[in-house]
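Could you walk me through this model, from the way its chains meet down to the helices and strands inside them? I'd like the terms spelled out along the way.

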Number of protein chains: 2
Amino acid sequence: MALIVQKFGGTSVGSIERIQAVADKVIKSRKQGHQIVVVVSAMSGETDRLLGLSGEISSQVSKRELDVLLSTGEQVTIALLSMALEAKGCAAESFTGGQVCILTDSVHSKARIMEIDAQRVSKALEDEKVVVVAGFQGIDADGNITTLGRGGSDTTAVALAAALEAQECHIYTDVDGVYTADPRIVNMARRIDRIAYEEMLEMASLGSKVLQIRSVEFASKYNVSLRVLSSFEEGPGTLITTEDKSMEQVLISGIAHNRDEAKLTIRGVPDTPGIASRILGPIAKANIEVDMIIQNIGDDKSTNFTFTVHRGDYKRGLEVLQGISEELGADGVSGDDNIVKISVVGVGMRSHAGIASQMFEALATEGINIQMISTSEIKISVVVDEKYLELGVRTLHSTFGLDKGN
Amino acid sequence: MALIVQKFGGTSVGSIERIQAVADKVIKSRKQGHQIVVVVSAMSGETDRLLGLSGEISSQVSKRELDVLLSTGEQVTIALLSMALEAKGCAAESFTGGQVCILTDSVHSKARIMEIDAQRVSKALEDEKVVVVAGFQGIDADGNITTLGRGGSDTTAVALAAALEAQECHIYTDVDGVYTADPRIVNMARRIDRIAYEEMLEMASLGSKVLQIRSVEFASKYNVSLRVLSSFEEGPGTLITTEDKSMEQVLISGIAHNRDEAKLTIRGVPDTPGIASRILGPIAKANIEVDMIIQNIGDDKSTNFTFTVHRGDYKRGLEVLQGISEELGADGVSGDDNIVKISVVGVGMRSHAGIASQMFEALATEGINIQMISTSEIKISVVVDEKYLELGVRTLHSTFGLDKGN
């Protein structure tokens with residue numbers, strides 16, 4: 001018998017029929033002898049309906065009240081799922097974020113969980129009940145309702161799993177696991193059985209949108225084993241857990257990519273201390289997030305400075321950079337929003353040399369020009385022209401032995 | 001400056017437009033220098049929508065979870081109204097029943113308020129905020145969400161007014177006050193300026209559905225002055241308060257009626273002690289509520305026993321009574337579901353004799369036959385054939401000097 005936290009997102013509970021299916025799934029786990037805590041999101045469409053109502057009042061509503069409004073979405077789901085469980089003869093009890101004391105800070109609409117007092121949940125589990133908890137929400141120290149922001153239900157699930165010392169935290173999604181690459185691009189992509197937290201973080205931040213980054217960070221911090229599963233089909237899914245020996249044997253876990261990038265360059269800026277912050281300061285002030293940053297070595301007195309931003313921020317970034325260029329007396333700015341980022345990720349990299357050169361060689365063989373390079377301990381990313389995306393990902397997937405049947 | 005509790009029902013907050021109108025009304029009171037606590041119901045239609053969802057799951061859902069589900073209705077309204085107030089520049093803060101510690105018993109779906117800890121509300125009022133509270137809901141001692149049942153928002157408002165020692169509790173409805181009779185029947189009906197709690201209770205129980213009986217009882221118990229006002233037009237409304245000298249001068253306050261009645265008679269039952277309970281016991285067991293009860297004096301050995309029930313219970317009542325009749329060896333049963341009850345209500349009755357004879361005489365003059373009579377200290381009710389309803393009410397309205405312009 002194990003204690004398992006199961007999280008179902010908005011699509012999985014999007015209709016009464018689907019809520020009934022979730023109830024069946026929960027009962028199946030219960031019958032295997034497990035104690036079950038279920039975390040649910042608002043029914044898909046409900047949050048938008050509520051936002052529509054508040055939007056009719058004003059485009060700038062009080063964030064405190066928006067949290068009061070939106071938190072009703074999950075409250076509806078916990079009640080309906082508990083009803084469905086009880087109607088099927090499975091004792092269940094629902095709790096709002098406040099009722100299970102999910103204590104957060106007071107930053108409405110993107111609060112962070114500070115503490116969970118899991119007593120009430122433990123009590124209900126002892127009473128042989130399935131515990132159904134509203135995701136995405138908590139209360140602050142003054143008892144105000146808060147919400148955790150997008151993807152917050154995953155974080156609720158992981159936080160509860162940590163507080164309850166659950167054996168595993170199951171995240172049900174519309175895919176059946178984490179893949180070695182996007183199966184829409186690489187038809188030879190394989191589902192990964194086990195992946196380390198750091199790898200998953202790199203994959204997530206690079207565009208594999210199976211899990212919210214915050215929930216993976218949280219799981220890593222509190223050592224909660226996460227399993228990504230499909231809401232709609234049976235299967236073992238992908239286990240996200242601490243790195244182990246067997247993982248080190250695997251060189252590369254997956255090939256990630258991100259289409260959503262654009263590149264900005266400022267040429268001929270004086271190569272003096274503090275120049276990076278004089279460039280990136282105004283960019284940050286304009287609320288533009290910067291991803292990769294590369295400063296090329298130039299001649300004696302000047303240098304070129306390149307960085308990537310979200311594609312949606314490209315035009316605004318170019319304008320801001322134009323201003324900076326004039327101010328600094330640089331040679332000019334240029335940019336390109338037809339680029340993508342491709343990365344190889346794997347904790348095996350730590351103990352194996354030569355991954356980078358193997359990667360660059362494979363790309364060169366296919367005639368793919370590399371525009372930028374950035375590396376971390378367990379990841380190598382390159383920026384290439386958008387037209388090479390599919391070819392690049394497939395080439396690397398095959399090069400590192402990830403294709404199905406290998 | 002006074003502290004006023006204002007309650008707006010589902011129709012008054014049935015759309016964003018109406019919520020904006022309520023916000024304007026609240027701000028107007030605020031600008032007159034009053035401290036305002038607003039109690040709101042779910043937007044009209046919302047409770048039915050939620051009941052529809054739970055009905056899709058099962059016809060017999062857990063009452064605890066139904067309360068979790070339905071309580072979201074008011075939570076949506078408090079958030080939207082607070083947003084509307086803030087958008088109009090009026091500081092406001094919303095609270096669920098649990099957040100303002102409306103402590104109830106644990107009888108889900110018809111919980112009773114045990115205690116209110118008004119500290120949080122007082123604090124927000126001190127901070128110069130309008131306090132917006134979800135009606136109809138509370139929490140029990142274990143922190144479970146409860147609802148107060150139909151009309152519960154009125155009770156929430158009165159209970160808060162009592163706890164806060166508010167000067168008045170304003171109940172906004174779709175009518176502009178309590179009338180001397182139903183204006184749809186008596187076009188000479190007048191709005192009553194002041195009415196005593198007991199009179200209002202009699203009027204309410206007799207079918208004047210302006211206020212829920214429970215909220216009037218509560219107001220009477222805690223001496224809260226209630227004012228019934230229109231959500232849609234300006235006006236002083238009707239003040240419901242303790243009886244005072246000026247009220248005693250008024251003989252009759254109003255003429256109430258109830259169409260929803262049916263009459264059942266069991267004839268020739270043995271006139272022995274305990275006979276009433278042998279008849280009414282099985283009726284109560286069948287969950288049929290009995291209103292008026294009359295036992296006529298019969299001959300030496302037997303008597304006729306008549307009572308009225310809700311018209312919807314008529315057929316079932318007749319069946320149950322048939323069984324009782326056979327068991328007791330009575331002469332038989334009969335019934336009539338074409339009857340109505342008409343009542344004259346007034347605290348002035350206490351100090352004035354002859355009201356009853358005046359009433360019966362007026363009805364006789366119009367040829368209206370009285371089938372049953374029942375009296376209390378401040379009310380006389382008669383049962384008559386349904387066809388006499390309008391004539392009877394108008395006649396008595398005029399007889400007791402209630403017509404407009406008098």
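Here is a tour that begins with the pair of chains and ends with the strands.

Keep in mind that this is a predicted model: local features need pLDDT of at least 70, side-chain atom pairs count only at pLDDT 80 or more, and totals for chains, interfaces and linings use all residues. Residues are numbered from 1 along each chain as its sequence is written, while chains are lettered from A and ligands numbered from 1 in the order in which they are written.

Let's start with the two copies.

Now for the contact itself, where two residues touch if their C-beta atoms, placed from the backbone, lie within 7 Å. Helices here are DSSP runs of H or I with at least four residues, strands are runs of E with at least two, and both are numbered from the N terminus.

Next, look inside chain B. The axes of helix 5 (residues 152-163) and helix 7 of chain B come within 8 Å and cross at roughly 10 degrees; axes are lines fitted to C-alpha atoms, for helices over the stretch in contact, and angles run from 0 to 180 degrees between N-to-C directions. That makes helix 5 of chain B roughly parallel to helix 7 of chain B, a label for angles under 35 degrees. Residues of helix 5 that meet helix 7 in chain B include Asp154(B) and Val158(B), and among those they face as a group are Arg214(B) and Phe218(B). This helix pair's contact has six nonpolar, two polar and two charged residues. Just after helix 7 of chain B, Asn223(B) takes a positive phi of about 60 degrees.

Finally, turn to the strands of chain A. Eight of them form an open, mixed sheet in the order 3-6-2-1-9-11-12-10, with strands pairing if DSSP finds at least two bridges between them. Strand 3 (92-95) and strand 10 (194-196) of chain A are at the edges with a single partner strand each, so one side of each has no neighbour in the sheet. Strand 1 (residues 3-8) and strand 9 (residues 168-173) of chain A run parallel, joined by five bridges, and Lys7(A) has Ile171(A) as its bridge partner in strand 9 of chain A.

Elsewhere in chain A, strand 13 (residues 254-270) and strand 15 (residues 302-310) run antiparallel, joined by eight bridges. Strand 14 (residues 290-296) of chain A also pairs with strand 15 of chain A in the antiparallel sense, over five bridges.

Technical notes: Parallel < 35°, antiparallel > 145°, perpendicular 65-115°, else oblique. Nonpolar A, V, L, I, M, F, W, Y, C, P; charged D, E, K, R; others polar.
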